[in-house]
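Please keep the sequence and the 3D view open as you read.

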Amino acid sequence: MTLSLFDLHCDTALEMFEKKQPFAKNNLHVSLENTAKFEQYVQIMAFFTSPELDDETGWNRFLQLRQNLISDPCVQSGSATLATTCPPRKAGVSLFFGIEDARIFAGKAERVEEARQLGVRILTPLWAGATCIGGSHDTNAGLTDFGKQALQKALALGMILDISHASVPSADEIFELSAAQNRPVIASHSNAADICPVSRNLSRRQIQKILSSGGVIGLNLYTNFLKKDGKAHISDLLPHIEYFLEQGAERALCLGGDWDGATLPPEIQTVGDLDSLADLLLSRNYSETFIRNLFFENAYSFAKKHLV
Ligand SMILES: [Zn+2]
């Protein structure tokens, strides 16, 4: 079965920059070569800046990562196109921009607008620790006043907020801020905490809030978020999928592989190996429609409605 893929999260832009790798063909998880088997490929490219950089240097690094990506021969030649709105069907390879860890706004609200002008449409405000934005998953802190102001502005500019990496109080405030502007909330790369209890995964309550907001959830392939103990395999994604289906997430469930930011199960070396997940699902009697929805259609419908 020929599939399209719309993946909600990768850190490939940072790896391309740090390892001086082009998009066309590289030894990373995501490349033009590895996406060739998909009929259409849409990727949310998160710009994640190294945590050792201070906020201000992090902002400059974001600008460098973006410049490096848009200067790549694949983007320059049009073999990968940059997207700020939902691309048409059969558009080939399209890349949306995101920012992961918005501490790089460094207390400067005008940077939200600047980020939007630079093409950023998805904002993952937190990553780790307590920042100028607020508390991440490893803290109990909520959003700061600056964080609330920055995220309200991001919403008003049409950006989508992502609770992956947020603390419980920060996520609750992101739900409130988004609801106030009638916008959905996503979790771009998180699994079910009832299946694998780590702070990066989603509680039942958070899943329900995402669903009622009209948001989507990207399944993360990071082995530590698949299974708590022992070595995780791709089959360890199945209990998460079953759980999300029990929660009513059939039309909200997507993939958010955390490519180039995660340790992957042994069956998956690159994004091009995801057909092994499709084969696994077929062997467990999931329908082709379910697989197409998971790989592409659910995210595509979301983008069509909310990335306009
Ligand atoms: Zn992440």
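His-165 lies in the loop between S6 and H7; helices (H or I, at least four residues) and strands (E, at least two) are DSSP runs, numbered from the N terminus. This is a predicted model, in which local features need pLDDT of at least 70 and side-chain atom pairs count only at pLDDT 80 or more, while totals for chains, interfaces and linings use all residues. Residues are numbered from 1 along each chain as its sequence is written, and side-chain values use heavy atoms, with hydrogens and water left out.

The relative accessible area of His-165 is 8%, so the residue is buried (under 20% relative accessible area; exposed is over 50%, partly exposed in between, with a 1.4 Å probe and protein chains only). Leaving aside neighbours within four places in sequence, the contacts (heavy atoms within 4.5 Å) of His-165 include Trp-127, His-137, His-189 and Arg-200. Its side chain also makes a polar contact of 3.0 Å with that of Glu-100. A polar contact is a pair of N or O atoms within 3.5 Å; within protein, one must be able to donate a hydrogen and the other to accept it, and residues adjacent in sequence count only if both atoms are side-chain atoms.

## The zinc site

Which residues coordinate the zinc ion? They are Glu-100 through OE, and His-165 and His-189 through NE2, at 2.0 to 2.2 Å. Donors are N, O and S atoms within 2.8 Å of the metal (3.2 Å for Na, K and Ca); water is not among the atoms, so sites may look incomplete.

Along the chain, the donors follow the spacing E-x64-H-x23-H. His-189 is buried, at 0% relative accessibility.

## Arg-103

Arg-103 is in the loop between strand S4 (93-100) and helix H5 (110-117). With a relative accessible area of 6%, Arg-103 is buried. Among the residues it touches, not counting those up to four places away in sequence, are Asp-54, Asp-55 and Cys-132.

## Cysteines

A search of the whole structure finds zero disulfides (pairs of cysteine sulfur atoms within 2.5 Å).
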